[in-house]
Amino acid sequence: MKHTGPEILQYAPQRAKYQHTQFGFPELRCTFNKHRENEMKKVLLATTALVAFASAATADVTLSGSARFGLKWTDDVAVDPSTQLEKRVTLNIDMTTETDSGLELGARIRLRSDEQNAAGEVADTAVNGAVVYVKSGGLKLSVGNICGALECMPGVYAGTTGLNGNRFENVVLNTADEGYWGWTAYTSQPGGANGVEVAYSAGDFSAMLSYDNINGGLGDPAPYDTRNRISAHLAYNFGDWTVALGVQEGDEALGVGDKTVLTVGGKLGDFGVGLAYADNNGTDKVTINGSYTMGATTISAFVSDDGSDGTGTNGIVATDNPWGLGVSYDLGGASLVAGYTNDEIGTKRASAGIKFKF
């Protein structure tokens, strides 16, 4: 039977007592034996520490993460200075265990350090809200800071360029009229959705259903403190191709609107191609993306059509077709990346640097 740390501490004194009696130390009074007794105690303490460390090492707690650093630039007059340092470090702490019947239980928390304000002046480290799950075969139930059915949908982020994504203008769920990030998503900052999520996979098929109630999580006054979102997606792999369909139902009046999204992506030799479409509360957006790999170098691009006409929630008209161009070079364990984008109202952004995972 494997013991955890507290259990080892419980059993260690009994083992030490047995060893102590076996050598007969209580019956000896000479200085030599007292010295041997002290030495034995040190050995026992060291052994106990090693056993505790070994037990902790087998407790299925793993660390992983990523980091990036470089420069970012924009011609947005509201951002000063226009060129800033871009830096981020992410550390994931994953904890898992398994019942005697084979049921997997786990949790994740994340630490992240990056710039928090528009001027990039604050570099702090935050701990996010935890997600806890139970998994059996292809079925997984998660509670807390969930991923979100649209966020985890295949193909949503296809075509992303630059070191930091350059505001992710390629994502069809982001529009000028209906705003950005209006869906349930795992957050790396404190707080986040307090939701429930069910994911299922069998062979080439996968599905996800998620629900979250931002119950005062954003500090909004009533009735905005009870916004509900329910979303789902279905996905299927056909060899090198993946097709996915996702939907979200929310309260448009409270800034949590309905969305329908379809993505198709795959590979043709060294070429990668993708198509995405979304209806965001009546505002359509389409993105076509492509890439070409030559050895360690990959060139990528996207172009979008944002149908924002000023009649949506934000009342903003899209004057430009968003587009972007990116390049990356695989260093083996790290990548050099750069990207340039133009958004739906003509704002330009660029970012470049190095990123890696560990």
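Q: Leaving aside neighbours within four places in sequence, which residues is Ala 278 in contact with?
A: This is a predicted model, and Ala 278 belongs to its largest nonpolar core. Once the neighbours within four places in sequence are set aside, the contacts of Ala 278 are Val 172, Leu 173, Thr 260, Val 261, Thr 283, Asp 284 and Lys 285.

Q: Which residue forms a salt bridge with the side chain of Glu 86?
A: Glu 86 sits in strand 2 (residues 83-98), and its partner lies in strand 1 (residues 61-74), 14 residues apart. Glu 86 is buried because its relative accessible area, 5%, falls under 20%. The partner, at 3.3 Å from N to O, is Lys 72.

Q: Is Asp 114 buried or exposed?
A: Asp 114 meets Arg 88 in a salt bridge of 2.8 Å, N to O. Arg 88 lies in strand 2 and Asp 114 in strand 3 (residues 104-115), so the pair ties together parts 26 residues apart in sequence. The relative accessibility of Asp 114 is 5% and the cut-off is under 20%, so Asp 114 counts as buried.

Q: Which residues are linked with Arg 167 in a network of salt bridges?
A: One partner is Glu 344, whose side chain meets that of Arg 167 at 3.6 Å, N to O. These two lie in separate loops, so their pairing ties together parts 177 residues apart in sequence. In the network, Arg 167 is linked with Glu 169, Asp 343, Glu 344 and Arg 349.

Key:
Residues numbered from 1 in each chain as written. Predicted model: local features only at pLDDT ≥ 70, side-chain atom pairs only at ≥ 80, totals over all residues. Heavy atoms only, no water. Core = buried A, V, L, I, M, F, W, Y, C linked by side-chain atoms within 4.5 Å. Buried < 20%, exposed > 50% of the residue type's maximum accessible area, 1.4 Å probe, protein only. Contact = heavy atoms within 4.5 Å. Salt bridge = Lys/Arg side-chain N within 4 Å of Asp/Glu carboxyl O. Helix = DSSP H or I, 4+ residues; strand = E, 2+ residues; numbered from the N terminus.
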